[in-house]
Amino acid sequence: MICNSDLLIKNIGMLATPVGNSAKGGKEQGHIELIEDAFIAVKDGVITDVGKANNLMDFEPSENTKLIDAGGNLVTPGLVDPHTHLVFSGWRQKELSLKLKGVKYLDILKMGGGILETVEKTRRASLEELISNGMKALDCMLEYGTTTCEAKSGYGLNLEDEIKSLVAIKELNRLHPVDVVPTFMGAHAVPVEYRENKKEYIRLIVEEMIPTVAREGLAEFCDVFCEEGVFEIEESRYILECAKVHGLVPKIHADEITPIGGARLAAEVGALSAEHLIYATDDGIRAMAKARTIAVLLPGTSFYLGESFARARTMIEEGVPVALATDFNPGSSPTESLQLIMNLACLKYRMTPEEVLTAVTLNAAASVKRATTVGTIEVGKQADIVIWDAPDLDFIFYHYGVNLVRTVIKKGKVVFQRNGNERK
Ligand SMILES: O=C(O)CC1=NCN=C1
Ligand SMILES: [Zn+2]
């Protein structure tokens with residue numbers, strides 16, 4: 001329906017979008033719709049028509065229709081970042097020199113650094129500071145094309161500071177144009193005060209934190225750092241089974257640093273997604289395929305930690321739907337740029353541009369239960385749209401290390417516009 005639209009985007013050189021309301025695996029992951037010389041009509045923040053421009057011939061926009069000329073450029077759905085540790089205080093740039101000397105991530109954690117250093121600073125931070133830090137990061141994500149992101153707690157590690165983090169996430173979702181989806185992650189690490197009494201900390205998580213978070217509606221998901229020396233398989237299972245009882249949907253940081261069997265556990269507990277999966281075994285991948293667990297892969301973390309890269313091609317060939325995320329956090333992936341993640345997914349995972357587009361839109365949306373509202377450019381979906389400074393899809397994977405976003409539209413409103421390339 002074009003006639004009563006309040007926004008019309010025309011002169012779209014190439015419109016590229018996946019199709020549907022659920023995650024795509026296997027060959028389907030690479031099936032996207034391409035429309036050359038296209039238009040998109042929007043009314044009240046919802047897409048009302050999409051098609052080839054020649055259908056527009058007789059359309060006369062009313063005076064309250066905003067017209068955007070896409071300049072013959074590529075247009076895609078707004079990007080979805082389904083795995084971030086958005087709320088924290090304090091960066092950890094000094095760990096870089098340790099990493100360059102070969103000090104391992106888990107060794108830094110064992111020395112009381114890493115996550116635990118961020119926990120100390122986040123506990124001291126006020127709610128206002130956490131919100132201010134989050135707004136800055138969301139501004140950067142938006143400029144790079146992200147219109148929806150997930151955000152985990154996990155740097156509080158006690159009831160009061162986990163609630164403070166989740167309240168910050170709720171406020172960020174209210175204040176910022178980017179939609180922010182909350183995940184509780186009290187099982188991110190064992191805090192120093194429980195170092196000698198891990199069982200008691202796990203009791204605190206399942207008997208106090210999860211019931212409170214669920215009762216106050218502060219999270220949709222519960223995530224666990226299932227890793228050797230952090231939360232082992234049976235500890236992770238126990239926490240996630242308790243989370244399910246309280247209506248939180250399970251997610252798992254799985255097989256990030258050692259192959260302890262997190263992928264198989266994700267399938268067994270019915271997790272919506274398993275994340276990292278660098279060391280996922282064939283058995284774990286097959287179990288995920290059978291359970292339709294979504295793989296959320298984090299190539300930025302592999303790149304930054306100097307780790308191997310997850311076997312994305314095996315997962316796609318086994319039918320596991322693959323999504324991609326930044327894993328934005330101050331320790332293992334300090335970047336807000338989903339564009340960098342898209343480049344790495346092509347160059348290091350050998351995913352095709354079409355597979356990657358699905359991974360950062362529809363599949364990413366499905367991994368945070370938003371695939372019925374965002375993730376594609378189709379009639380009825382929310383008008384979250386990116387206009388790129390690129391002629392076609394291949395270009396945004398080829399021209400890397402720069403921000404190629406020209407315009408970001410959120411719920412039918414322009415929320416970011418690059419100021420053009422005027423030379424001074
Ligand atoms: O290091 C951090 O702060 C974030 C992280 N959690 C699990 N892996 C990395
Ligand atoms: Zn993470």
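Predicted model: local features only at pLDDT ≥ 70, side-chain atom pairs only at ≥ 80, totals over all residues.
The secondary structure of the chain consists of 15 helices and 16 strands. Its radius of gyration is 21 Å, close to the 22 Å that the globule rule gives for 424 residues, so the chain is as compact as a globular protein of that length. Along the principal axes, the C-alpha atoms occupy a box of roughly 75 × 45 × 45 Å. Of the 424 residues, 61% are buried. Among contacts with a separation of 6 or more, 74% are between residues 24 or more positions apart. The accessible surface amounts to about 16,500 Å², and carbon and sulfur atoms contribute 52% of this area.

Charged side chains were examined next. The chain carries 46 positive and 59 negative side chains. The centres of these two sets are separated by 2 Å. Side chains of opposite charge can pair when their charged atoms come close. The count of salt bridges in the model is 30.

Lys-99 pairs with Glu-95, with 3.1 Å between the closest N and O atoms. Both residues belong to helix α1 (residues 95–100), where they are four residues apart, about one turn of the helix. Lys-99 and Glu-95 are both buried.

A further salt bridge links Arg-370 to Glu-220, and here the closest N and O atoms are 2.6 Å apart. Arg-370 is located in the loop between α14 (362–366) and β14 (385–388), whereas Glu-220 is in the loop between α6 (198–215) and β9 (221–226), so this pair ties together parts that are 150 residues apart in sequence. Arg-370 has a relative accessibility of 22% and therefore counts as partly exposed, the limit for a buried residue being under 20%. Glu-220, at 28% relative accessibility, also counts as partly exposed.

Lys-381 and Glu-378 form another salt bridge through their side chains, with an N to O distance of 3.9 Å. Because its relative accessibility is 3%, Lys-381 counts as buried. Beyond such pairs, Glu-234, Arg-237, Arg-264, Glu-268 and Asp-283 are joined into one network by salt bridges that share partners.

Note on methods:
Residues numbered from 1 in each chain as written. Chains lettered and ligands numbered in written order. Heavy atoms only, no water. Helix = DSSP H or I, 4+ residues; strand = E, 2+ residues; numbered from the N terminus. Rg over C-alpha atoms; globule rule 2.2 N^0.38 Å. Buried < 20%, exposed > 50% of the residue type's maximum accessible area, 1.4 Å probe, protein only. Contact = heavy atoms within 4.5 Å. Areas by Shrake-Rupley, 256 points an atom, 1.4 Å probe, with all protein chains shown as cover. Lys, Arg positive; Asp, Glu negative; His and termini not counted. Charge placed at Lys NZ, Arg CZ, Asp CG, Glu CD. Salt bridge = Lys/Arg side-chain N within 4 Å of Asp/Glu carboxyl O.
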